[in-house]
Amino acid sequence: MTDWRHKAECRDMDTDLFFPATPLERRLALNICERCPVQEQCLSFAETHDRIDGYPLQGVWGGVDFSLGHHKRLLERRRHR
């Protein structure tokens, strides 16, 4: 079990939480990401896999909500820190 996903804080949680329908659900998902030991690996995966099974990446990954149209600006800003 060396894959980073086995260490993810969310690994045993309901995946629906990471496709938030409300601001509260979004905040809960982002809070989980903040305490996750593999947040950077998760975000890196999301940055390099903008499509999964042919569909655009959606949901919260590594503390960024990819369902929102502004995620590219957030990632760009993060790269320039």
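## The largest pocket

Helix H1 (23-34), helix H2 (39-48) and strand S3 (60-61) each put at least two residues into the lining of the largest pocket. Helices (H or I, at least four residues) and strands (E, at least two) are DSSP runs, numbered from the N terminus. A quick word on the source: this is a predicted model, where local features need pLDDT of at least 70, side-chain atom pairs count only at pLDDT 80 or more, and totals for chains, interfaces and linings use all residues. Residues are numbered from 1 along each chain as its sequence is written, and side-chain values use heavy atoms, with hydrogens and water left out.

There are 20 lining residues, and Cys10, Phe18, Cys42, Val60 and Trp61 sit nearest the centre of the pocket. A pocket here is an open set of points on a 1 Å grid over the protein atoms alone, where a 1.4 Å probe fits, with protein on both sides within 12 Å along at least five of seven lines; lining residues have an atom within 4 Å of a point.

## The ring cluster

Ring pairs join Trp4, Phe45 and Trp61 into a cluster. Rings of Phe, Tyr and Trp (its six-membered ring) pair if their centres lie within 6.5 Å; planes under 30 degrees apart are stacked, over 60 edge-to-face, the rest tilted. The count is 2 aromatic pairs. Trp4 and Phe45 make a tilted one, 6.0 Å centre to centre with 55 degrees between the planes. Trp4 is in the segment before H1 and Phe45 in helix H2, so this pair ties together parts 41 residues apart in sequence. The Phe45 and Trp61 rings have centres 5.5 Å apart and planes at 25 degrees, so that pair is stacked.
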